[in-house]
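These notebook entries record what I looked up in the structure shown below.

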Amino acid sequence: MEPISLVGRFFLSVLAITGRLAVFAGNAVAHCVLPPLYPRLILRQMIEIGYYSLPVVGLTAIFTGMVLALQSYTGFSRFSAESAIPNIVVVSMTRELGPVLAGLMVAGRVGAAIAAEIGTMRVTEQIDALTTLSTNPFKYLVAPRLIAGTVTLPILVLVADIIGVLGGYLVSIHKLGFNPARYLTNTFDFLEPMDVVSGLVKAGVFGFLIAVMGCYHGYRSRGGAQGVGAATTNAVVSASILILTANYLVTEAFFAR
């Protein structure tokens, strides 16, 4: 019976973790919509999450667009379909690569920072001090990060889409010999509003997940520096897994036939 009991304990532990996370996320969302809010803290987190993530997201997007154009040309040239490269670049960036790569990069940068900051406050009893001073930790720590992550990641993804398409354009014009006007015409003619909207919806979901996982693991960290390190690792890994899972679910909701 030992193997069966191991499976049962694992299943129950997964349910317990899922329940704790759902309760935490529900409390966080409730504190995001109920007053009072802290606009200055929200603005600060928007700068931390959005503005300071622009360089890494921009570099990722432009090189992804460049590589996508080169790889598409290598494959499509075998079938004399090089004219489809602008279409592939713009659809791939707006629907899939822009949101997912931006989400993963922000999860690595911001998710780890959130978990480390809140985890340090937890193990040094600063969160307990906030409660003693009649300041709700969810209002002061979790809600600003949740709002900022959900709002700023779609903006980052929109910038990443533009930069990624620009990267594909530069490679196609200067290396592959495309006509600039024809390339832009094909890009705008093929792009549909739903392609951009679906990517921005994905980005909002990803931003929410990144902020929730960073705050959750940081808030529940225990055991000093070692616990903070574990919380940081768990926040990045869990956010990345949830991003990939949510990416499929949102894609299924938008484009399933």
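**Entry 1: the second largest cavity.** What volume does the second largest cavity have? I read a volume of about 40 Å³ for the second largest cavity. I note that the model is predicted: local features need pLDDT of at least 70, side-chain atom pairs count only at pLDDT 80 or more, and totals for chains, interfaces and linings use all residues. Residues are numbered from 1 along each chain as its sequence is written, and side-chain values use heavy atoms, with hydrogens and water left out.

I recorded the terms before going on. On a 1 Å grid over the protein atoms alone, a cavity is a set of points where a 1.4 Å probe fits but cannot get out, and a pocket is an open set with protein on both sides within 12 Å along at least five of seven lines; a lining residue has an atom within 4 Å of a point. Grid points are joined across faces, edges and corners, and a volume is the space filled by probe spheres set on the points.

I listed the lining of the second largest cavity as Val57, Thr60, Ala61, Met93, Leu97, Gly98, Leu101, Ala102 and Ala160. Helix 3 (54-76) and helix 4 are the elements that give two or more residues to this lining, and the largest share, 5 residues, comes from helix 4. Helices (H or I, at least four residues) and strands (E, at least two) are DSSP runs, numbered from the N terminus. By class I found 7 nonpolar, 2 polar and no charged residues; Ala, Val, Leu, Ile, Met, Phe, Trp, Tyr, Cys and Pro count as nonpolar, Asp, Glu, Lys and Arg as charged, and the others, Gly among them, as polar.

**Entry 2: the largest cavity.** The search of the whole structure gave me 2 cavities of 30 Å³ or more. The largest cavity holds about 50 Å³ of space. Its lining includes Ile49, Val106, Arg145, Thr152 and Ile210. Helix 4, helix 6 and helix 8 each give two or more residues to the lining of the largest cavity, with the largest share, 4 residues, from helix 6. I counted this lining as 7 nonpolar, 3 polar and 1 charged.

Entry 3: I found about 230 Å³ of space in the largest pocket. Of its 14 lining residues, Asp161, Ile162, Val165, Thr187 and Phe188 are the closest to the centre. Helix 4 (85-123), helix 6 (137-174) and helix 7 (180-190) each supply at least two lining residues, and helix 6 gives the largest share, 6 residues. The classes are 11 nonpolar, 2 polar and 1 charged.

For the second largest pocket I read about 180 Å³. Among its lining residues are Ile17, Leu21, Tyr216, His217 and Ser238. Helix 1 (2-33), helix 8 (193-219) and helix 9 (224-255) give two or more residues each to the lining of the second largest pocket. That lining has 6 nonpolar, 3 polar and no charged residues.

**Entry 4: the whole protein.** I noted 9 helices and 0 strands. The C-alpha atoms fill a box of roughly 65 × 55 × 35 Å along the principal axes. Buried residues (under 20% relative accessible area, 1.4 Å probe, protein chains only) make up 44% of the 257 residues. Of the contacts (heavy atoms within 4.5 Å) with a separation of 6 or more, 83% join residues 24 or more positions apart.

Methods
Buried < 20%, exposed > 50% of the residue type's maximum accessible area, 1.4 Å probe, protein only.
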